[in-house]
Amino acid sequence: MAAGIRLPLLSRAEALLTSDEAIVGLMAREITAGNLPVFFWGQRYMGSIESYVAAMLFGLAGDSAALLKSAPLLFFLLFLVAHYALTRALTSPKVAVLSSLLLAAGPPVLVSWSVRAMAGYMETLLFGTVFLAAIHRYRRTGSKRSLFLAGIAAGLGWWTSQLVACYLSAGILWFLLEQRSTESGLQIGSILRRCAHPRDFSRLRQLGSWLLLRQLAGRLPNVLRYLLLPGNILAAVYAILGLLVLLTGGFDTTVAEVRVKATDGWKLVSYALSWSAIVAVVSAAIMVPARLGGIARRAAPALAGFLLGYLPALIHALTVKVSSPPTHKFSLPMLLAEQIPAFFTRILPLLAGGGLPDIEEEISLPVTLALLALLGLSLFPLLHDRVPRLPAMLCLTTMGLFLFSGIFVDYKSYRYLLPLYPAIAILAASGLSRMRAGYACLIMVSTIGIWGAQDASNLTALRLEVPTSEIIGWMREKGIRAGYADYWIAYRLDYLSRCDPLLAPYRSQDRNPAYTAQVRNARRVGYVFRAGDPEWPAFMRARADRIEASTIAGRYRLYVISQPRVVERRGQSVED
């Protein structure tokens with residue numbers, strides 16, 4: 001069912017292909033040629049697993065855009081299997097079937113992204129779900145194999161995308177809350193479980209005592225406490241400054257002729273956590289080495305699995321100079337003034353299915369309200385019943401990461417909320433399973449029917465804006481084998497033309513410097529400008545005397561110019 005719903009999108013794979021997806025395809029071609037990329041071109045924090053799967057598919061059935069888009073679909077289908085297994089273990093076979101059916105059918109955002117070969121979102125859903133299933137099985141059986149599998153899934157997920165942190169934090173919190181035994185002597189689970197009770201906030205003192213290592217080691221000797229005091233002070237200072245920056249958006253001032261500037265709150269908070277961790281590890285190592293050894297032995301399978309899953313990225317980091325992931329800045333004033341309104345007016349309708357994911361400007365308020373009402377009816381039986389804890393945890397960690405980590409930039413950031421779908425599907429299916437069969441069936445049919453209508457509208461509204469064949473044909477006719485274009489079509493044309501001609505971006509987002517070097521050294525190049533491109537007037541002023549030919553293809557202007565030969569002299573490019 002899931003594959004069938006997505007077949008219409010695969011049938012229009014070339015029309016829907018983006019430059020980001022094309023890069024995954026170009027990487028897959030390099031893999032078949034013997035090159036082994038570890039990360040997405042131009043970045044060092046998004047794994048290339050999808051490209052390896054695409055290369056495997058190319059080897060089996062030939063190179064095509066449809067097969068390229070089938071790589072994320074394959075991960076999505078595997079995710080459905082893992083989701084069914086996890087949900088069945090958490091709840092019941094009925095809930096597992098209902099939640100899997102909801103995910104297979106939609107909503108349109110999930111349907112669209114399950115065939116987008118970019119950034120590893122479907123891999124994140126798969127590895128995150130496998131991690132949760134393995135943690136759940138370890139919680140029930142104590143199997144070391146399950147803990148090892150959880151480590152592998154966490155390592156692969158972290159290599160693929162740091163968005164898997166939603167699953168990792170949800171799984172760890174759930175495990176601590178469910179842990180009832182006192183075998184470790186820490187009583188972490190019972191403390192957290194009691195602290196979560198709304199009528200007994202006094203239990204927070206027990207949590208504070210544990211965090212201060214009193215349960216772990218008793219009171220530290222005075223000498224050791226004085227030695228660790230600077231670390232505690234630094235942690236407190238960084239924590240206060242970090243929270244201040246997060247709440248105010250940062251500051252840049254002068255105190256006693258000394259400039260004091262802080263704009264990255266999460267970085268300061270990370271420093272605080274680092275110093276706290278150092279203090280805790282030193283204290284514990286001195287006071288309770290035997291207990292730490294027992295904990296280390298129990299955690300060894302998970303650590304070994306993580307290192308195995310993360311091994312490609314680890315080797316790459318040790319052998320190649322890597323760039324850090326982009327830093328995201330969180331600002332509470334911006335969150336309240338701009339991002340929260342954008343969430344309710346743009347993101348929530350898109351996620352519910354009231355908007356079209358490939359035409360993000362079109363939002364239908366009646367459809368959105370209808371779908372939200374159906375979701376509310378599905379969840380209503382849970383108001384007076386026990387809510388499954390693990391999917392609730394996943395909802396909280398996903399929303400927390402989205403709102404407070406800084407990855408929420410604008411409404412297009414909705415893709416970072418994809419982990420909400422499996423969690424909400426389990427919750428909705430749990431509510432439906434408690435209803436009368438007729439009411440549950442009516443809600444399911446209505447929801448899936450609206451999603452299907454939205455999918456059909458999305459497919460009908462899509463238009464091929466880039467006259468790919470016309471652009472490639474004209475450049476070949478003029479004997480052009482290299483050229484420049486905007487990022488959003490350059491690599492797309494490279495993939496579809498098999499790099500004949502080879503195009504590179506003429507401004508930012510140069511993902512493959514080797515391509516750009518080849519274009520720069522060509523004597524005659526083509527230029528592709530979209531109507532209204534701000535780069536076009538400057539291009540005409542600088543190169544009008546060198547234009548050999550020009551034409552118009554749809555909304556695009558095409559030019560052929562001669563360019564000076566570039567000679568490399570001692571690391572500098574010199575025009576001949």
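Predicted model: local features only at pLDDT ≥ 70, side-chain atom pairs only at ≥ 80, totals over all residues.
Mentor: Local features here need pLDDT of at least 70 and side-chain atom pairs count only at pLDDT 80 or more, while totals for chains, interfaces and linings use all residues. Residues are numbered from 1 along each chain as its sequence is written, and side-chain values use heavy atoms, with hydrogens and water left out.

Trainee: Why is phenylalanine 148 called partly exposed?

Mentor: Buried means under 20% relative accessible area, exposed means over 50%, and partly exposed is in between (1.4 Å probe, protein chains only). Phenylalanine 148 has 31%, so it is partly exposed.

Trainee: What makes the pair of tryptophan 113 and tyrosine 414 edge-to-face?

Mentor: Rings of Phe, Tyr and Trp (its six-membered ring) pair if their centres lie within 6.5 Å; planes under 30 degrees apart count as stacked, over 60 as edge-to-face and the rest as tilted. The two centres are 6.3 Å apart and the planes make 80°, so this is an edge-to-face pair. The pair ties together parts that are 301 residues apart in sequence. Tryptophan 113 and tyrosine 414 are both buried.

Trainee: Which residue lies over the face of tryptophan 536?

Mentor: Arginine 557 does, at 4.6 Å from the ring centre.

How values were computed
Helix = DSSP H or I, 4+ residues; strand = E, 2+ residues; numbered from the N terminus. Lys NZ or Arg CZ within 6 Å of the ring centre and 35° of its normal.
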